[in-house]
Amino acid sequence: MDGDTPEEVLAEFKERRFGGWGILQLTAGTGLAVYAVWAGLLMPGFRRVPLKLQVPYLPASRKQVCNVMTLLKGRSGSIADLGSGDGRIVLEAYSQGFSPAVGYELNPWLVRLAYFHAWRRGHHGNVSYLRKDLWKVSLADCKNVTVFLAPSVLPLLQEKLLAELPEDALVVSGRFPFTSWTAREVQGEGADRAWAYDIQAQRQRAVPQRPAGGSLSS
């Protein structure tokens with residue numbers, strides 16, 4: 001009835017017994033809602049990326065952003081966020097003096113959302129979100145790189161970073177570390193943890209050491 005209070009409506013819902021058809025309808029409706037979110041936010045970007053390189057969107061928490069910025073303290077210059085999602089890392093980096101601040105994101109809906117956040121904070125035109133495949137972007141001029149990507153993707157990304165980044169570049173990885181790299185600093189705990197890596201140090205470790213007075217060949 002139109003005069004029912006919210007409490008009465010809730011009580012009626014609790015007392016209602018769903019049959020098999022009702023449960024099926026409820027399940028189908030929920031499934032369609034989840035699929036709509038997936039199709040709108042995730043699939044547009046995933047269609048162009050091989051399965052093993054797909055990374056689901058999971059926004060960084062405030063603590064994660066704080067940990068990343070702590071690891072970047074004292075740094076300056078350009079910054080690139082690979083898989084920038086809704087753009088929060090790029091925005092925070094720009095607000096702390098990094099410029100140019102660029103996010104690379106394949107999903108068009110997330111790019112639009114990132115620009116909306118930038119406009120709302122008064123930084124529209126100051127930051128950039130580019131709808132580009134991070135695997136096809138040149139990182140040769142990037143002094144600072146941030147990533148929040150899945151563990152399965154990091155080994156492949158590691159090769160790209162070593163091959164393209166300048167010698168004085170710093171890479172900050174959130175949630176998951178580069179397992180074969182040695183971090184210069186770690187910030188945070190649990191899921192909020194972030195790792196900082198000097199590219200120069202990683203390259204030096206990747207070069208086989210020549211035995212004293214000998215050669216590498218046997």
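Residues are classed here as buried at under 20% relative accessible area, as exposed at over 50%, and as partly exposed in between (1.4 Å probe, protein chains only). The model is predicted, and local features need pLDDT of at least 70, side-chain atom pairs count only at pLDDT 80 or more, and totals for chains, interfaces and linings use all residues. Numbering starts from 1 along each chain as its sequence is written, and side-chain values use heavy atoms, with hydrogens and water left out.

Helices (H or I, at least four residues) and strands (E, at least two) are DSSP runs numbered from the N terminus. Strands are taken to pair if DSSP finds at least two bridges between them. By this criterion, strand β1 (residues 79-82) pairs with β2 in the parallel sense over four bridges, and Tyr-104 in β2 is the bridge partner of Leu-82. Strand β3 (residues 127-130) also runs parallel to β2, to which four bridges join it; here Leu-130 of β3 is the bridge partner of Tyr-104. Strand β2 (residues 101-104) is covered on both faces, with Ala-101 and Gly-103 buried on one side and Val-102 and Tyr-104 buried on the other. In a regular strand the side chains alternate between the two faces of the sheet.

A crossover is called right-handed if, with the strands pointing away from the viewer, the path from the first strand over the helix to the second runs clockwise. A right-handed β-α-β unit is made by β1, helix α4 (residues 88-95) and β2. From β2 the chain crosses through helix α5 (residues 108-120) to β3, and this β-α-β crossover is right-handed.

In α4 the buried residues are Ile-89, Val-90, Leu-91 and Ala-93. Their cover, judged by contact (heavy atoms within 4.5 Å), includes α3 (62-71), β1, β2, α5, β3 and β4 (144-147). Just after α4, Gly-97 adopts a positive phi of about 105°. Asn-67 of helix α3 is buried, at 2% relative accessibility. With residues up to four places away in sequence not counted, Asn-67 touches Gln-187, Gly-188, Asp-192, Arg-193 and Ala-194.

Seven salt bridges are present in the structure, each defined as a side-chain nitrogen of Lys or Arg within 4 Å of a carboxyl oxygen of Asp or Glu. One of them joins the side chains of Arg-88 and Asp-86 (2.5 Å, N to O). Arg-88 is partly exposed, with a relative accessible area of 31%, whereas Asp-86 is buried, at 5%. Another links Glu-92 with Arg-121, whose closest N and O atoms are 3.9 Å apart. Because Glu-92 lies in helix α4 and Arg-121 in the loop between α5 and β3, the pair ties together parts that are 29 residues apart in sequence. Glu-92 is partly exposed, with a relative accessible area of 23%, and Arg-121 is partly exposed at 42% relative accessibility.

A further salt bridge connects the side chains of Glu-164 and Lys-160 (2.9 Å, N to O). These residues are separated by about one helical turn because they are four residues apart in helix α6 (residues 154-164). Glu-164 is partly exposed at 27% relative accessibility, while Lys-160 is buried, with a relative accessible area of 9%.
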